[in-house]
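Q: I'm new to reading protein structures. Could you walk me through a few features?

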Amino acid sequence: MKLLRWLPSILWMAIIYYLSSRTGDELNTVLPFFQKYLPFIQDFNWGHFVSYFILAMTFDFAFGRKSLLWRYKLIIILLCTLYGATDEIHQYYVGGRMMDWLDLRNDGIGATLWVLFIKIPYFQKLWKKLSLS
């Protein structure tokens, strides 16, 4: 059933929403854990790249064969960026958080990186096997 292909996108958006609901103090207690294993991380900006890279991947999966077309790749970037905009608005109402246009930019960059990454022939072939079978 084609609707089931959207389940990973819905679940990932719920995870993003949940993380965005955490206050600034709650998030700051988690940062030292990541810095212990990944010392180059100074803040959570990397989280936007990764989160929206993954969201773009789930949208790619949801579109199935259509996602092989560049038009759908652009739609994936647009959907991720629009969801990022709603996420920034949501954060405005969470204590210790704020809207940040740089975060929205990073969301779009993360989605764009997925679209470019998956066009690399080796990864595109592997992705077709995994997602279109």
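A: Ala 85 has a relative accessible area of 23%, so Ala 85 is partly exposed. Ala 85 is found in helix H4; helices here are DSSP runs (H or I, at least four residues), numbered from the N terminus. This is a predicted model, where local features need pLDDT of at least 70, side-chain atom pairs count only at pLDDT 80 or more, and totals for chains, interfaces and linings use all residues. Residues are numbered from 1 along each chain as its sequence is written, and side-chain values use heavy atoms, with hydrogens and water left out.

Q: How many salt bridges does the structure hold?

A: Side chains of opposite charge can pair when their charged atoms come close. A salt bridge needs a side-chain nitrogen of Lys or Arg within 4 Å of a carboxyl oxygen of Asp or Glu. The structure holds one: Asp 60 meets Lys 73, at 2.6 Å from N to O. Asp 60 sits in helix H3 (residues 45-63) and Lys 73 in helix H4 (residues 70-92), so the pair ties together parts 13 residues apart in sequence. Asp 60 and Lys 73 are both buried.

Q: At what angle do H4 and helix H5 pack?

A: Axes are lines fitted to C-alpha atoms, for helices over the stretch in contact (heavy atoms within 4.5 Å), and angles run from 0 to 180 degrees between N-to-C directions. H4 and H5 (residues 101-117) pack at about 155°, with axes 9 Å apart. H4 and H5 are therefore roughly antiparallel (over 145 degrees) to each other.

How values were computed
Helices (H or I, at least four residues) and strands (E, at least two) are DSSP runs, numbered from the N terminus. Buried means under 20% relative accessible area, exposed over 50%, partly exposed in between (1.4 Å probe, protein chains only). Angles under 35 degrees count as roughly parallel, over 145 as roughly antiparallel, 65 to 115 as roughly perpendicular and the rest as oblique.
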